[in-house]
Amino acid sequence: MYDAASAGSALALDTAAAPAPSRRTGRTARSPWNRRNPYPATILANEVLSGPGSAKEVRHIEIDLGDSGITYEVGDGIGIAPLNDPALVDLLLDRLGAVGDEIIADRKATYTLREALTRRYEIATPSKYLVKAVADRTGDPELVRLVESGDAHALDAWLSGRDVLDLLNIDPSLTLTAEELLEELSPLAHREYSISSSPRVHGGTVHITMATVRYTLDGRSRGGVCSTHLADRCAPGDTVSVFISPNKNFRPPADDAPAIMIGPGTGIAPFRAFLHERAAAGAAGANWLFFGDQHRAFDHLYARELEQFVTDGTLDRLDLAFSRDQEHKVYVQDRMREHGAELFSWIEAGARVYVCGDATTMADDVDAALHEIIGEHGGLGPDATRDYVDRLRSDNRYLRDVY
């Protein structure tokens, strides 16, 4: 369904195939499906959105809610319970001198060691307890220094990209029983993704827009626990355990209010949902989307849908920033500054400002640009600008969903 050469034939508009339900979908308070009891949902579609020349692997995944009775609202997230990489499980079993069918028992259940390492414990992200246990048992100078320093940021930086096997291999002579290892591991946690579908338009399904995390460290291929599980081991027809994670503070504005949406990369996810929802509702409020990524040819996610939203009048403005398509890198915050006067006039007219995406740098850069625009075009000094932005936040007119 995706033409990598032009990125212009991304997923066809679902509205053409599925008429919008006539009622607005609300959440069922007594749904039995939740974090502790996720629903075994069926994968309907699992497609690569990004082109073959992209530095990223971005997927569009559709999940069937079946007869679960699960409902959601635009802006919500979906929690997905992953399984660990079976290759890493095998390596750990070999490191422990185990075969996998050893029986493990805790207060709640009895299961095999392979099941424990696959379904129950974090093995891609070592716990701080394991770090301390390995430091105590091996006396490794670097680990001991990190543990004794109490510097959480330094320890996090050292752990970044490393898994449980890396910790055990610090000292090849280190021996732990399976029970000793499991005592030091954290429970395998769900991963959460912004929902990129609208219950009005995509009734009975949830869509996500996911970047697959892959990297190599010390000669071993690795990846994000949930993203590689979904990308590599969840084909259409397979099941995945899910539950809805409400996000009541990230809803579209009233139908007559304008919305400014800033979502580069996979940050576009909730705004795809916003646009489908507002189009189906016939919302009169204007919509302005800032989207960006590296290359237009490979990374223009949902290009065809966005073009259709412009054509049908749902999107009043679409500003794009593809950072690597010219010598000087251009980002969404640069596009914001280019149109600062108009952006400020939208805010003055009551627009809500939404930001979704990377918290590491993008969110701060966008926040800095917003302060500059308001200060410059509002004729405000630094203190008055901060007060203005603070009022936007307190009035729920500047909302962020960053990760």
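Strand β10 supplies the largest share of the lining of the second largest pocket, namely four residues. Strands, like helices, are DSSP runs numbered from the N terminus (E, at least two residues, for strands; H or I, at least four, for helices). The model is a predicted one, in which local features need pLDDT of at least 70 and side-chain atom pairs count only at pLDDT 80 or more, while totals for chains, interfaces and linings use all residues. Residues are numbered from 1 along each chain as its sequence is written, and side-chain values use heavy atoms, with hydrogens and water left out.

The second largest pocket holds about 1100 Å³ of space. On a 1 Å grid over the protein atoms alone, a pocket is an open set of points with protein on both sides within 12 Å along at least five of seven lines, a cavity is a set where a 1.4 Å probe fits but cannot get out, and lining residues have an atom within 4 Å of a point. Grid points are joined across faces, edges and corners, and a volume is the space filled by probe spheres set on the points. Of the 31 residues that line this pocket, Arg 119, Arg 120, Tyr 121, Pro 187 and Leu 188 lie nearest its centre. At least two lining residues come from each of β4 (103–105), α2 (113–120), α7 (178–183) and β10. By class, the lining comprises 17 nonpolar, four polar and 10 charged residues; Ala, Val, Leu, Ile, Met, Phe, Trp, Tyr, Cys and Pro count as nonpolar, Asp, Glu, Lys and Arg as charged, and the others, Gly among them, as polar.

Strand β10 also belongs to an open sheet of six strands, ordered β6-β3-β10-β1-β2-β7 with antiparallel pairing. Two strands pair if DSSP finds at least two bridges between them. At the edges stand β6 (191–194) and β7 (205–211), each of which pairs on one side only. From one strand to the next, the twist averages 40°; axes are lines fitted to C-alpha atoms, for helices over the stretch in contact, and angles run from 0 to 180 degrees between N-to-C directions. Within this sheet, five bridges link β3 (residues 77–81) and β10 (residues 239–245) in the antiparallel sense, and Gly 77 is found opposite Ser 245 in β10.

A second open sheet has five strands in the order β13-β12-β11-β14-β15, with parallel pairing. Its edge strands are β13 (317–322) and β15 (398–402), each pairing on one side only, and its twist averages 10° from one strand to the next. Strand β12 (residues 287–293) runs parallel to β13 and is joined to β13 by six bridges; here Phe 290 stands opposite Asp 319. Across β11 (259–262), β14 (352–357) and β15 lies helix α14 (residues 362–377), which runs at about 165° to β15.

Two further helices, α9 (residues 269–281) and α11 (residues 303–311), have axes that come within 12 Å and cross at roughly 35°. In their contact (heavy atoms within 4.5 Å), Arg 272, Leu 275, His 276 and Ala 279 of α9 meet Glu 305, Leu 306 and Phe 309 of α11. This contact has four nonpolar, one polar and two charged residues.

The structure also holds one cavity of 30 Å³ or more. The largest cavity, with a volume of about 30 Å³, is lined by Arg 95, Leu 96, Leu 168, Leu 174, Thr 175 and Leu 176.
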